[in-house]
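Please view the sequence and the model below before reading on.

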Number of protein chains: 2
Amino acid sequence: MTRRPDRGGAPTLATVAAEAGVSRQTVSNALNSPDLLRPETLTRVQEAIERLGYSPNRAARNLRTRASHLIGLRVEPAVEDSANALMDRFLHSLVESTRDAGYHVLLFTCGQVGADASLDAGTAEAVTAEADPMDGYDELLRSAAVDAFLLTDTYRGNPQAAWLEERGVPFVAFGRPWGDPAARHPWVDVDGRAGVMLAVDHLVERGHERIAWVGWQKGSYIGEDRRSGWADRLHEHGLSTSRLSARGDDTLDFGRRAAHALLDSEHPTAFVCGSDTLAMGVLRALHERDLTPGPELSVVGFDDSLAAQVCSPGLTSVRQPLEQVAVEIVKHLGDLLAHRPLTELGRTLVPTLSVRATT
Amino acid sequence: MTRRPDRGGAPTLATVAAEAGVSRQTVSNALNSPDLLRPETLTRVQEAIERLGYSPNRAARNLRTRASHLIGLRVEPAVEDSANALMDRFLHSLVESTRDAGYHVLLFTCGQVGADASLDAGTAEAVTAEADPMDGYDELLRSAAVDAFLLTDTYRGNPQAAWLEERGVPFVAFGRPWGDPAARHPWVDVDGRAGVMLAVDHLVERGHERIAWVGWQKGSYIGEDRRSGWADRLHEHGLSTSRLSARGDDTLDFGRRAAHALLDSEHPTAFVCGSDTLAMGVLRALHERDLTPGPELSVVGFDDSLAAQVCSPGLTSVRQPLEQVAVEIVKHLGDLLAHRPLTELGRTLVPTLSVRATT
DNA sequence: GGCTACTATTGGATCGTTCCAGCGAAGCAC
DNA sequence: GTGCTTCGCTGGAACGATCCAATAGTAGCC
């Protein structure tokens, strides 16, 4: 009788209210503050909800509460490298963690018409076409499409972090605010230095004394952090690092050339690498010299990528606890969005070592 | 004067209208149907929008238009295999394509508290804990959180596709409706069979005559499709397939054992594999026999994963045009959501071959 | 001028939810 | 009985956009 016309549309609060013989607000309370209702009313409403298969309309709820329950995550233009491959493992855990917290993950990317445009242009415009670091964030924010952001590329000197912090936008970073001691935003990171130390200990236990480092370019915060784990731990073991370090691009080819150069001059018996890509380069160099990696001539990578797992021989590698990172990030996001005081600003998690045939 | 109180909140249509000296609706039109406005009014409104940094509130728009401009994509519980690694490349392209079409990608996952629960339980309950194939879809749909879905795992006999189709929910599948000729939903797929044919041709050109197949288990639609490319093309070249085919789990170990068995009995000079994982297994077997892959003893994988690119020697592999798949999918989604008639129900794209050292 | 036709713009209603003020009934103290 | 508080529930208003019907202004045509 009192039921609305309901032209085949989904049930609304009013529909459920009529069905249960209560007011709209009571149904709303049944969902949001069940403790306000008398138990018998609550069950009556819940039965009606069940019977009609009702779910509250997200858009209406978002409009009224000024919250979208979405977390924005920007995926960078596709570059096929191990960092991206990592993202995948991370994403799964992230989506699961956010679900448990009542949130969803919204993916976005920079607003420029990227690849195609730069192909046509190809002129001096390439400079202006350089991806604006804030592209995308601004629009999502102004249109209230997301409640918070998750940053994943703080190694670039995080202009995003500063921008967001300045505007009081809630966000959590995966990665420390390297080189910005003034940063006041929550973050979660993996202790790469400790991970490399694990690798060094593992090699020293197996009798290695000449352990080389093949890592990222100087100037990369993350690269230097990982390298410090190698250098400091070797010294703690009373071993020399002299002339045993190579730093360059994070590419297969640099790893390969670095390994050849090191083998020619310093005769290391083990290589610790800043990434799996570099480690694969080292393996290739060994292959080219008809050397077989193993307990006597060891290689350790970083990231425990799929490639490390399936290549022959299997590559020992430092594994980041990405599942745990996701959980911690969502915990921080939850605190942030509920305006709970943060128990701690940052948190570092310790990696593990996946031991395989190359050691 | 007429401007609203505006307690530090974001500008709304009313704010902009006051600033430009027009009505709300005119501002709305400036955004949605600019051709309705007189040019001078349009510029006046656009300037006001620019000046205030206005973006329409998503929630309000969604509520009124009954559209969220979000595409739901369910990510499956993390399994570390090549299929997931593929997803990554695909995701990037997908997000870019959807952006160009004015949409965003919303990630979700099954609603059950998955991994943890099944760890505790470990009993006969494992059956009920078996992931409900529709988990998550239903809720997002009823709450109008997404406009459409994108399915990516049609190889499982797609119960989702049938469920969604039955309810008239817009969705596009990445993958053919294998074994369901009654399916009437749009899909985009990669012609795996043609990809394997490319690999066979490549090997035949290099003089191979005994080309083995190492692929997925019998009964997998995709696996059989890829295998048919090998079998049919060999026959077209007048070559024998007899006893040269091995099918089993998509694991490194199966690839390894299959390669050993084939080498012992049939002495193939080349292996075409149903996945990179299997190919890496074959490479490991060769390694164990001190055989070096290359032009004389060749291996071809499928997926062109990161592992194929960085392993030593580099693995020749069939590469899926995932970027193009994403574009086609979004094109179909656009047609679907705009209620445009579909020009074609399904579309298959042809892979390419990334040639490396193993051939 | 008077009629129609069309254009540019307007204001009210509406989407489905939650916030807020308020109401009757019940409980308690005096 | 009166006054006060608490409990359980209600109905109107609001969030910010778009849909819709209606308006004033302009032009065309006889």
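## Surface near DNA strand D

The surface near DNA strand D comprises eight nonpolar, 11 polar and six charged residues. Here Ala, Val, Leu, Ile, Met, Phe, Trp, Tyr, Cys and Pro count as nonpolar, Asp, Glu, Lys and Arg as charged, and the others, Gly among them, as polar. A residue is near a strand if its C-beta atom, placed from the backbone, lies within 6 Å of it. Of the 25 residues around DNA strand D, those that come nearest are Thr41(A), Thr12(B), Leu13(B), Ser28(B) and Ala60(B).

## Basis of the model

The model is predicted: local features need pLDDT of at least 70, side-chain atom pairs count only at pLDDT 80 or more, and totals for chains, interfaces and linings use all residues. Residues are numbered from 1 along each chain as its sequence is written, while chains are lettered from A and ligands numbered from 1 in the order in which they are written.

## Helices H2 and H3 of chain B

In chain B, the axes of helix H2 (residues 24–32) and helix H3 (residues 39–52) come within 10 Å and cross at roughly 95 degrees. H2(B) is therefore roughly perpendicular to H3(B), a term for angles of 65 to 115 degrees. Axes are lines fitted to C-alpha atoms, for helices over the stretch in contact, with angles from 0 to 180 degrees between N-to-C directions. Helices (H or I, at least four residues) and strands (E, at least two) are DSSP runs, numbered from the N terminus.

## Pairing between chains

Strand S2 (residues 104–108) of chain A and S2(B) run antiparallel, joined by three bridges; strands pair if DSSP finds at least two bridges between them. Val105(A) stands opposite Leu107(B) in S2(B).

Definitions and conventions:
Parallel < 35°, antiparallel > 145°, perpendicular 65-115°, else oblique.
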